Amino acid sequence: MISFSLPTWQQQVLTAIAIAIAIAIAFAAPAVAAPVSFAEALRLAERNAPTLAAQDARFDAARQAAIPAGELPDPKLVVGLDNLPITGPDRFSLTRESMTMQRVGVMQEVPNGDKRRARVAVAQSTIERVEIERRIERLKVRRETALAWIARYTVERKLALFDALYHENRLLAEAARSRVAAGRGLALDTVLPRQEAAALEDRHDQQERERSDAQAALTRWIGAAGAEPLTGAAPEWPITPATLLHRLHQHPELTVFASMMRQAEAEVRETEATKKPDWAVELAYQRRAPDFSDMASVQFSFDLPVFAGRRQDPQIAARRAELVRIAAEREAALREHTQVLATDLATYRQLDRATHRQRERLLPLAQEKVELALAAYRGGQTELATVIAARSEWLDARLKAIDLEGQRALAAARLHYAYGENE
């Protein structure tokens, strides 16, 4: 056997080519779809929601805007020409008149301390309000994602029934044909299973449309992953009315009014501070002709808020009216949320009772009816139409049971994300 070895540089080139080919194959391979659990859907929603990105930008903007809130205004450069003669033999001369001066200086305006402190308070309360509004938006995104995931999960549970139903329908059709062939049944019986199959297809198509709608809603919140298969079950949240009532006042849409009140109070203080005079100082250097001495000057100026009744007082009254408005709106929001909570709790209790009744009583009765109808049909005591009708009632009961469970989960999600996850 003949063996040979390549030079080292050729071995390195071949190794690099092999690595590049492996990387290219890895990137070219189609990505394996990952099923989306409930928790993963929430994580993707928080990461991808544009509204949350917008709230983050608002929060950063509010923090940056708060930095200069209590600072002094920028100083002003003052440049001028004083005492320039405009008549007589020395008119427009900069050197022959001793009082003519070229002036350069700097002026600093100094708002009063109360005004600056109030501006800082307004900026801080704005940050607090934006942060609460960001929290409200986060809860909204989580709630809507939860509702979309549960809706799709529910409709896919319904669709999962149809494979078994189609299989049973085929068995029923074969049994009907066999009975007719044996002379123990009517030819009409061979039509009924086909009618049932068509009805099943109609209901299946309706569920597929609902699944498409639910998938589109989920995709809205989590992106392309909304089209991937789901995994896991819907969560079950403990719904305790006393706990939810206790947390009513912690609802983010109510707590935001507290930050709005603090912001409005700071704005009142800022407006009240306008009745106190601001002041300014100016330092100037005045250059005269070479034959005369240069000069320096300092000047102070003060605001004179002597017409407060027509200027500052109306503005203060307007700000105080804002406090009254916010307090009234908070009371209205509290009453609204109290009503909504009572309605949602009543809806959840009704759905909970209906779900248990459907699962523990109505569904077993529908199943028993199908079994009795089948037994009677096999014994020649009833027609196939009776079996088909019993099976249709059983399917309605199964779909309704799943639907009730889904509605109960949706109601629980609304309660949880409004009052249970707002700590």
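Begin by selecting Glu 133, which is found in helix α4 of this predicted model. Is Glu 133 buried or exposed? Its relative accessibility is 18%, so Glu 133 counts as buried, the cut-off for that class being under 20%.

Next, display the surroundings of Glu 133. Leaving aside neighbours within four places in sequence, the residues in contact with Glu 133 are Gln 55, Arg 58 and Val 256. With Arg 58 there is a polar contact from side chain to side chain, at 2.8 Å.

Now select Trp 149 and Ile 150. Within the largest nonpolar core, which has 51 residues, these two are the ones with the most contacts. To see where the core comes from, colour α2 (38–48), α4 (113–159), α6 (191–222), α8 (252–272), α9 (312–378) and α10 (384–420); each supplies at least two of its residues. Which helix gives the most to this core? That helix is α10, with ten residues.

Keep Ile 150 selected and show what it touches. Not counting residues up to four places away in sequence, Ile 150 touches Phe 38, Ala 234, Trp 237, Gly 406, Ala 409, Leu 410 and Ala 413. Another core, of 22 residues, lies apart from the largest one; to find it, select Phe 162, Leu 165, Leu 384 and Ile 388, which are among its members.

Finally, return to the whole chain. It has ten helices and four strands, following the pattern α-α-α-β-β-α-α-α-α-α-β-β-α-α along the sequence. Of the 423 residues in the chain, 35% are buried. Among contacts between residues at least 6 apart in sequence, 81% join residues at least 24 apart. With the surface displayed, the accessible area comes to about 25200 Å², and 56% of this belongs to carbon and sulfur atoms.

Methods: Residues numbered from 1 in each chain as written. Predicted model: local features only at pLDDT ≥ 70, side-chain atom pairs only at ≥ 80, totals over all residues. Heavy atoms only, no water. Core = buried A, V, L, I, M, F, W, Y, C linked by side-chain atoms within 4.5 Å. Buried < 20%, exposed > 50% of the residue type's maximum accessible area, 1.4 Å probe, protein only. Contact = heavy atoms within 4.5 Å. Polar contact = N/O pair within 3.5 Å; in protein donor to acceptor, adjacent residues only side chain to side chain. Areas by Shrake-Rupley, 256 points an atom, 1.4 Å probe, with all protein chains shown as cover.
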